[in-house]
Amino acid sequence: MTHVNAVSFTILIVLFAVVTIVGFAAARWRRTENLMHLNEWGLGGRGFGTFVSWFLLGGDLYTAYTFIAVPALVYATGAAGFFALSYTIMVFPIVFVFAPRLWSVSRVHHYVTPADFVRGRYGSRGLALAIALTGILATMPYIALQLVGMQAVLTVMGVGGTSSAFLKDLPLLIAFVILAGYTFASGLRAPALIAFVKDTLIYVMIIVAIIYIPIRLGGWGHIFNTVGTHLAKTNPKTGKPFGSLVVAPAGEWAYATLALGSALALFMYPHAITGVFAARRRNVIRRNMAILPAYSLVLGLVALLGYMALAAPGVPPAVKANGANAQLSVPLLFQQMFPSWFAGVGFAAIVIGALVPAAIMSIAAANLFTRNIYVEFFNHEASPAHQTRVAQFVSLLVKAGALAFVFALSKTFSINLQLLGGIWILQTFPAIVAGLYTRWFHRWALVIGWAAAMVFGTVAAYRVPVPGTAGSHFGGSTDTVPLIQHTVYIGVTAIVINLVISVVLTLVFRALRLPAGADETLPAHYLADPEPDTAAPVRVSAAAEASP
Amino acid sequence: MAHHNPHRTHTAAWISVTVLLVIAVAGTLVVPIYARSTPAFADFPFFYWYQILWVPVVGILTGIAYLIIRPADATGAAEGASVASGASSDDAGLGNTGGAL
């Protein structure tokens, strides 16, 4: 892998150039009088219909990490990795229920972030800050992992040589600087428009892969047989089989709770909520929940790429030769199975697949910082243009931070943080989703429940050893729950703790008659469907209306 | 005169939607249903083709749920719209419990 395949590389560069032009040109798409407004820069004018939203949400939710890490997990452990498919099957019916309410109340009150809603609903700056910090904290490593995904592709392509650390990272650096450029200039319009290119490439890539590769490998029967034989072998590191073709009874709880916990967590991520807020009308969201499963089908097929990689004779030795990094399995599979021009298309699909979510994540994190930290605590009187300027620079900062993550810290550390990010973001679920239905919970009870669950989740994840390595940490995201004697996703255990504490303390605080905080929302706001053009500017000063 | 009770229609719609969505989620949440290798289909063990098949099934169930809830939702939105236009910081009510959705 020392020399670069010129054909694959050229295809990647050309497609990357196309996307760059689209990204900068997006500033002129659905042109508005004033782009210097968070409704415009940060939410694309809040005017995307069903069609655009489908591409945007699909491009937003299915990240490069999905295309790299899910098949890698399947490659390494077999059926257990398929929880991701179950997760993307469950997520849309769940979100169908509450997302329209969140959209409506946010449209009425011009909320830009989930923390804006929490602040308005509970009249609590502290709780809103907790939600905002969790969002930023969970998003940073997620962006870093987009880079890790891109790196896997570049490594297999042999781009960037290994002579010096700087040269090795240079292609990634260039890609990210360009990404930062058009995100800064065009805001959410850039990833929304690029999502069309990304999703088309992904669909083409997966349809070809799912037909062409099994033919070359001797059919699905042969693939499943080879994989089944391999997974049944004993892993010398753990003394147990590598995995299984069907989830074993002992793994069923882990499988189900990982799927459910991840499904509940997904739309708590700021970038997912940004995608929802960008919709023009309330119905756009529910319609999309019915048609987004098309992407789940892609995910299921991408997961199967892990098995194809395991069954392709040349891939496992090449993975071993690269430090047993299973994340390289899919790029290696493309390289070995496809003609070089189509391998280039596949590589471009993954790299561009990383750019779209990375852009939206940095915009979402920038919105959170601007609205819920900068305006809230430092500059109440910031004008819409000033807020947008701050968000633009923060989006650069967030990306620089993600780069630093990947370059300065170990890759393992980024992945551990991503694992923690999922557990953390799930802890914002009670405040946000319960808040859409009831004001029963006391704001301080929710803060304490959140804090306890964050600490518990972090400690519990830290204590999971890497299988076969005693004394190691962050070895997985599941742990045995003493009471029920089952292996359960730590995020789910943490949210149960979160809820129990929130309920008990709400009862206590209500009995003590502690002040509940003012609620600026009304029941009808959760059902409203205002015309898009009635959207008034983002309120200049949230603090002027602050409750006690 | 046959009187249409919007509230009752609303409740009935939400019950049917709830049933549809619970089926959709339970289909892959209850792992023992599909944690088996037989019957295989086109060389795919049951575990795999069941979950892949469930993807379009969930799309259809959610689509039906959308069609059922759309009229009820529109009523709520119409009611909401009038209030929405008057929304401001000083209509801060205490202890709202949200709407019917």
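Select Leu333(A) to begin: leaving aside neighbours within four places in sequence, Leu333(A) is in contact with Leu305(A), Met308(A), Ala309(A), Ala312(A) and Val315(A). This is a predicted model, and the stops below stay with what can be selected in it.

In soluble globular proteins, nonpolar side chains tend to be buried together.

**Helix 16 of chain A**

Now select residues 329-337 of chain A, which form helix 16. How many of its nine residues are buried? The count is eight, so the helix is mostly covered. To see the buried ones, colour Ser329(A), Val330(A), Pro331(A), Leu332(A), Leu333(A), Phe334(A), Gln335(A) and Met337(A). Next, show what surrounds them: the buried residues of helix 16 pack against helix 4, helix 7 (125-157), helix 9 (189-217), helix 14 (293-311), helix 15 (315-321) and helix 17 of chain A.

**Helix 4 against helix 17**

Two helices from that list also meet each other. Select residues 64-77 for helix 4 of chain A and residues 340-378 for helix 17 of chain A. Two packed helices are described by the angle between their axes and the distance between the axes. Here the axes come within 7 Å and cross at roughly 125°. Helix 4 and helix 17 of chain A are therefore oblique to each other.

Show the side chains at the crossing. Helix 4 of chain A contributes Ala64(A), Phe67(A) and Ile68(A), while helix 17 of chain A contributes Ile350(A), Gly353(A) and Ala354(A). By class, the residues of this contact are five nonpolar, one polar and no charged.

**A hairpin in chain A**

Move to residues 478-481 and 486-489 of chain A, which are strand 1 and strand 2. They pair in the antiparallel sense over four bridges. For one bridge, select Thr480(A) and its partner in strand 2, Thr487(A). The two strands form a hairpin with four residues between them, and Gln485(A) in the turn has a positive phi of about 55°.

**Backbone angles to check**

Most residues other than glycine have a negative phi, and most peptide bonds are trans. The next stops depart from that.

- His110(A) lies in the loop between helix 5 (83-109) and helix 6 (114-122) of chain A. Its phi is near 60°, a positive value in a residue other than glycine. His110(A) counts as partly exposed because 19 C-beta neighbours lie inside 10 Å, and a buried residue needs 20 or more.
- Asp43(B) is in the loop between helix 1 and helix 2 of chain B. Its phi is near 70°, also positive in a residue other than glycine. With 15 C-beta neighbours inside 10 Å, Asp43(B) counts as partly exposed.
- Pro39(B) is found in the loop between helix 1 and helix 2 of chain B. The peptide bond from Thr38(B) to Pro39(B) is cis, with omega near -5°.

**Where the chains meet**

Finally, display both chains. The contact takes 46 residues from chain B and 57 residues from chain A. On the chain B side, helix 1 (6-29) and helix 2 (46-85) each supply at least two residues. Which helix of chain B gives the most to this side? Helix 2 of chain B does, with 20 residues. By class, the side of chain B that touches chain A has 26 nonpolar, 15 polar and five charged residues.

Note on methods:
Residues numbered from 1 in each chain as written. Chains lettered and ligands numbered in written order. Predicted model: local features only at pLDDT ≥ 70, side-chain atom pairs only at ≥ 80, totals over all residues. Contact = placed C-beta atoms within 7 Å. Nonpolar A, V, L, I, M, F, W, Y, C, P; charged D, E, K, R; others polar. Buried ≥ 20, exposed ≤ 12 C-beta atoms within 10 Å, placed from the backbone. Axes fitted to C-alpha atoms, helices over the stretch in contact; angles between N-to-C directions. Parallel < 35°, antiparallel > 145°, perpendicular 65-115°, else oblique. Pairing = 2+ DSSP bridges.
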